[in-house]
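Here is a friendly walk through a model, one contact at a time. Have the structure open next to you and follow along.

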Amino acid sequence: MKQKRISRKAIPYLFILPWIIGFLVFTIGPLIFSLVMSFFDWPLAADPKFVGFGNYIEMFTSDKQFSKSLIISLKYAAIFVPLNMIIALFLAMLITQPVRGVKIFRTIFYIPTVISGVAVSILWGWILNGDYGVLNYLLSLLGIEGPKWLVDPAWAILAVIIASAFGVGSMMLIFYTDIKNIPIDVYEAATIDGANPARQFFSITLPIITPTILFNLITSIISSFQQVTLVMLLTGGGPLKSTYFYGLYTYNNAFKHHKLGYASANAWVMFLIILVLTALVFKSSSAWVFYESEAGGVAKKGKKSKRGGKR
Amino acid sequence: MRKKLVAMLILAMTGTMFLGGCGSDGGSGSGGGDGKSGGKVKIRFASWDEAEDVDAQQAAVDKFNDAHDDIEVTLEAYGGEFDTKISAGMGSNDMPDVMYMWNYPAYSQGLEPLDTYIEKEGEDYKKNFYDTLWNYNSYDGSTYGIPIGFTTHALFYNKDIFAEAGIDEPTNDWTWEDVQAASKTITEKCEGKKGFSFQMKPDPYDYEMYLWSNGTAYVDAEGTLEGNLNSDKAKEVFQMFQDMEKEGSAVATEKSGTDEFRAGNTGMYVYGSWSINTLKEDGVNFGVVNIPSFGSQPSISILSSSGISMSKDSKNKEAAWEFIKFWTSEEMNKERIGMELPVLYSVVESEGIMEQPEYAPFYTMLEQSSDYTPSSFIYGSWSELSENLSLSFERVFNPSAMENVSDVLDEAAQQ
């Protein structure tokens, strides 16, 4: 009897065992190990030396590049995250319209996501080339002399943002599935009430998908801090270190300068920053995220809930 | 009952999955056992080459394996990830036995000194290699690699553009003043073309050759920057390039400048032998001469060299050396012609390399550059210095910055 109960309890864990082992070995293990490393001066071939908080102190006191790279990454995130979400939402709205051939567009918009970051970097390297690039050629047709995107430090970060917005597809798809799930009768009711499409978007679509917006917001904040591939291959951190992102800074400390301990400390500081940002977003979410289960609460806060019928 | 069966199955699958993973790891990793199986000594050989070059290497490795009953070499092509993988391998004691190598200052601690092996081969063995190459394959008094290939730099020029501008083609004894004069004429006479191009963000390792050519260096023998990097002679070099860019006869390119040269947009540029094959394929009518001098002494070139090294943790050093010897033999040097410049006197002579005008300057530059050691071999934390220098150079040459040469170099020397 007792044995049976134990086995019943154990079976679910058995099912997720492969994942758990993978998680412990490939995620938690290295994670903890990197925390340990961050307290050492850990060169490549010689023996590691314990330095306590030395790496962290160095970062905040003597390493000027640390704060520079951090600011660059924050700047990137501040522009890229909202821009990316707006584009994704816009495209998602487009592909939910009942138009012929919409499936083709859905595929076209999504395709860039499955291209590897390396290929995207090479592609955009050509597009953005100041002298021969197609982007500046198109601008010249409009009578605009395009900047030297990858040479002028004032434009380079924008160039990186444009190139990264290319991979908007997966976020678009998440928005798309959520928008598709909104019952059609809500819109029908709104139409009868005389709400125009813009009104419908702001009063129905947007409030209902706020949980998805929250999800996309958090994942894109995280991914924007982790952006490495693109800057490494497209700009190499330049021109004049204007796109020397925090991720690249960490990577170079580890694999170029071979300061593995210091780079681990960099990574942990980034982890803490992301943690704080995520916590802030979560904290704020109670003010703007709408869950179906608490429809009443939101209505009280003054947001109009146009959900009718189905209840 | 059925549930139990499912549970058992999952358990079994998980088990095999992880055991399977470990099994294959133990077989190929040098960490597992003594690296012997079936009486054969296994050697892991890591290369940074890609695509067709790897096929050629695999063919050569197969040849070695066929000729040796007791050794089996496996080629591991790391490609562009070479440095990351070697770093990671060194950190986790999982180095290949034999590997390509260039950055000796960074990796020497994980490599086997090869001097005793070389001595055993007799005096003539070492003498057959171009002498300069040993400097670049040693660190701190020990030799860590056997030369495989190299390139020096030389001045490439487009013969058609020189004909169009109606001026004499460059010769081996050109000075930079000649280059400046020719650049001016080309830029004036040839619509939409520039006389000369150089890199906007040159690799500091490469760029030191211009300082050498003008009688200075980034650092002195003690590794001091002050008074070297910002010496008048160094400033002169940077000023000359910046002036050419400012007056418009030269253009600073984002990359090496090969693209611009191939497209026929620039008349001259300084580069390694890497572009020869591409230029030939494109049918560019080009010539190659020595790097121009600053007048007072012959010009010096940096060497980009590749060697082959042994891990100090290799368990089969004799077999590894056997393979290294094969890989650096006359036969293999001949095999690699077209991909690498041969490094053996005997091969250069027997293949008549010096009679080929596009290759000869690289050997002249090689012999002219024998007494110079790059700062990367002298200065302790070169990778960080290199990053700082790179930024400083960009501040001087980036058209949207073009900062004052003297100020930037003085500041860089303070770091």
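## A glutamine and its neighbours

In this predicted model, the side chain of Gln200(A) makes a polar contact with the side chain of Thr191(A) at 3.3 Å. A polar contact here is a pair of N or O atoms within 3.5 Å; within protein, one must be able to donate a hydrogen and the other to accept it, and residues adjacent in sequence count only if both atoms are side-chain atoms. You'll find Gln200(A) in helix H11 of chain A, residues 197-208. Helices (H or I, at least four residues) and strands (E, at least two) are DSSP runs, numbered from the N terminus.

Is Gln200(A) buried or exposed? It's buried, at a relative accessible area of 13%; the cut-offs are under 20% for buried, over 50% for exposed and partly exposed in between (1.4 Å probe, protein chains only). Leaving out residues up to four places away in sequence, Gln200(A) touches Tyr187(A), Ala190(A), Thr191(A), Ala195(A) and Thr205(A).

## How to read the labels

Residues are numbered from 1 along each chain as its sequence is written, while chains are lettered from A and ligands numbered from 1 in the order in which they are written. As this is a predicted model, local features need pLDDT of at least 70 and side-chain atom pairs count only at pLDDT 80 or more, while totals for chains, interfaces and linings use all residues; side-chain values use heavy atoms, with hydrogens and water left out.

## Where chain A meets chain B

On to the two chains. Contact means heavy atoms within 4.5 Å, and 31 residues of chain A are in contact with 31 residues of chain B. The size of an interface is often given as the accessible area lost when the parts come together. Between chain A and chain B the buried area is about 2,600 Å², with 64% of it from carbon and sulfur atoms; buried area is the accessible area (1.4 Å probe) that two parts lose on being put together, summed over both. On the chain A side, Leu44(A), Val151(A) and Leu240(A) lose the most area to chain B, together 23% of what that side buries.

How many salt bridges are there between chain A and chain B? The count is three, a salt bridge being a side-chain nitrogen of Lys or Arg within 4 Å of a carboxyl oxygen of Asp or Glu. One pair to look up is Glu384(B) with Lys259(A), whose closest N and O atoms are 3.3 Å apart. Helices H1 (2-15), H2 (17-37) and H14 (246-255) of chain A each give two or more residues to the side that touches chain B, and H2(A) gives the most, with four. By class, that side of chain A has 18 nonpolar, nine polar and four charged residues; Ala, Val, Leu, Ile, Met, Phe, Trp, Tyr, Cys and Pro count as nonpolar, Asp, Glu, Lys and Arg as charged, and the others, Gly among them, as polar. There's also a network of salt bridges linking Lys241(A), Lys256(A) and Glu387(B).

## Two domains in chain B

Chain B splits into domain 1 (36-151 + 304-368) and domain 2 (153-302 + 381-414), with bounds that come from an automatic or database domain assignment. Taken over C-alpha atoms, the centres of these domains are 30 Å apart. In domain 1 of chain B, 14 residues are in contact with 23 residues of domain 2 of chain B. The two domains bury about 1,400 Å² between them, 56% of it on carbon and sulfur atoms.

One salt bridge is counted between these domains. The side chains of Glu358(B) and Lys280(B) meet in a salt bridge at 2.7 Å, N to O. Glu358(B) sits in the loop between helix H16 (345-350) and H17 of chain B, and Lys280(B) in helix H13 (residues 276-282), 78 residues apart. Glu358(B) counts as buried at 16% relative accessibility, whereas Lys280(B) is partly exposed at 42%.

Over all chains, the structure holds 18 salt bridges. Among them, Lys63(B) and Glu335(B) meet at 3.9 Å, N to O. Lys63(B) is in helix H2 (residues 51-67) of chain B and Glu335(B) in helix H15 (residues 330-335), 272 residues apart.

Lys235(B) and Asp410(B) form another salt bridge, at 3.1 Å, N to O. Lys235(B) lies in helix H11 (residues 232-247) of chain B and Asp410(B) in helix H19 (residues 405-414), so the pair ties together parts 175 residues apart in sequence.
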